[in-house]
Amino acid sequence: MIKDNKMTKGLKIVLTIGLIIFFQQFVKAQGNQNQHFLQKAGVLDSLYSEVLNEPRKIYIQLPAGYTPEKNQKYPVVFILDGEMFLPTVNEVQNYYSGGFTPEMVMVGISNDKNRVRDLTTSTITTKYGMPFHEKNGEADNFRKFIETELIPFIENKYPVTDYRTLIGHSYGGLFTISTLINQPDLFANYLAIDPSLDWDDQKLLNEAHKTIATRNYENKALFLSLSGQLHMQNPQITIDNVMQDTTDFTLFARSNIAFSNMVKQNAKNRLSLEWKFYPRDIHGTVTFPSIMDGLISLFEWYQWENTDKFNSPDTPKEELLGIIKYREKKLKDHFGYAEPPYPEEILNMSGYMNMDMEQFEKAKMYFELATEYYPESANAFDSMADYYEAKGDSSNAIKYVTKAFELSGNDYYKKRIEGLKVKMNN
């Protein structure tokens, strides 16, 4: 039976956070076991943009744990050059989501056409003394497309909240910084990978001084990375002396460092910044470590805390409840909306572990929290019934199984109600 199998497994599992995370990754891997490819990320979708006067391709990746029945919504990450970098973001999420980063809907924006036009922030005709003929400088228009067309399209069609992250590399990183400066409320988090802040003789960098100094960036976060390609020809140029060089060969790196220093010098604007240098990576390889480190950094506040307290049978119930409620408030403060502090499976498994150790008050607490945070889950109410049945309270057990049946209509719960009634009358 469904519940008997779940009960047996729950009673035999030694609950550690590390084991749970491993289990989550195993489930994600097993989900694709019948498919004939090693990796696939992103389902193609599209919309027609009136702003850009052209169709635009996007790629959508839903969280591994998503099911329509849960009616759950997720934060969303928008990835520039999505056809290239969405698989990388997906791979990072496969390892880190849950304990380190939240589950998120990923939107890969295709920039395989008109990339320079859309991602660069001002119009140029020459670049480093050479003629530049490719159409460029329409980032403001592309941002208008994202704001007025793409985001509403995603919010209407996919299970997302309004908590958004933007990721961009190179010109995409330039666009990311431009959005942070000009429309910071469009996203909560900004991940700019080796951004081309040298564009148009550092025009955006020079324009950013006043904004960075005066704007309030509270609850906004930026992860900024720089590759080790500081000078294309001179290996004597290092991170320690690059700012003393005045040649065009180091303008890219110097622009990056100058912007990070500007943000650090204006810490009163409340922008959370992590800047990281990758000496062993070049411009084309720095995306992978930047996406991994960047997502972990941007969501550092999300990471599970006090796991040792949950793993110790000596932790008082009141202390555990305080930790859970603190996390609940912390998530709400960051997301701007209520979010369960832990997945239903974690609360459920914690309840069974404590029942196994005959710490019934703790078990009851976990099961009650599961019904509070997941009021549409039949499984949560059925687990509550398990608690009451273990305590010999068939009346309350029937009450909670009945709720589970009302939510799901599953005949398993109907049969269980009948069995509990027989048990109560004997």
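Strand β2 (residues 54-61) and strand β4 (residues 105-109) pair in the antiparallel sense over four bridges, and within this pair Q61 stands opposite M106 of β4. Strands count as paired when DSSP finds at least two bridges between them; strands (E, at least two residues) and helices (H or I, at least four) are DSSP runs numbered from the N terminus.

A word on the model: it is predicted, with pLDDT of at least 70 needed for local features and 80 or more for side-chain atom pairs, while totals for chains, interfaces and linings use all residues. Residues are numbered from 1 along each chain as its sequence is written, and side-chain values use heavy atoms, without hydrogens and water.

Stepping back, the pair belongs to an open, mixed sheet of eight strands, ordered β1-β2-β4-β3-β7-β8-β9-β10. β1 (43-49) and β10 (272-278) each have a single partner strand, so one side of each lacks a neighbour in the sheet. Neighbouring strands are turned by 20 degrees against each other on average, direction ignored.

| Helix | Strands touched | Angle |
|---|---|---|
| α8 (residues 251-265) | β9, β10 | about 150 degrees with β9 |

In the largest nonpolar core, of 48 residues, F78 and F259 touch the most other members. Such a core joins buried (under 20% relative accessible area, 1.4 Å probe, protein chains only) Ala, Val, Leu, Ile, Met, Phe, Trp, Tyr and Cys residues through side-chain atoms within 4.5 Å. Helix α5 (residues 139-157) gives the largest share, seven residues.

Note on methods. Axes are lines fitted to C-alpha atoms, for helices over the stretch in contact, and angles run from 0 to 180 degrees between N-to-C directions. Contact means heavy atoms within 4.5 Å. Buried means under 20% relative accessible area, exposed over 50%, partly exposed in between (1.4 Å probe, protein chains only).
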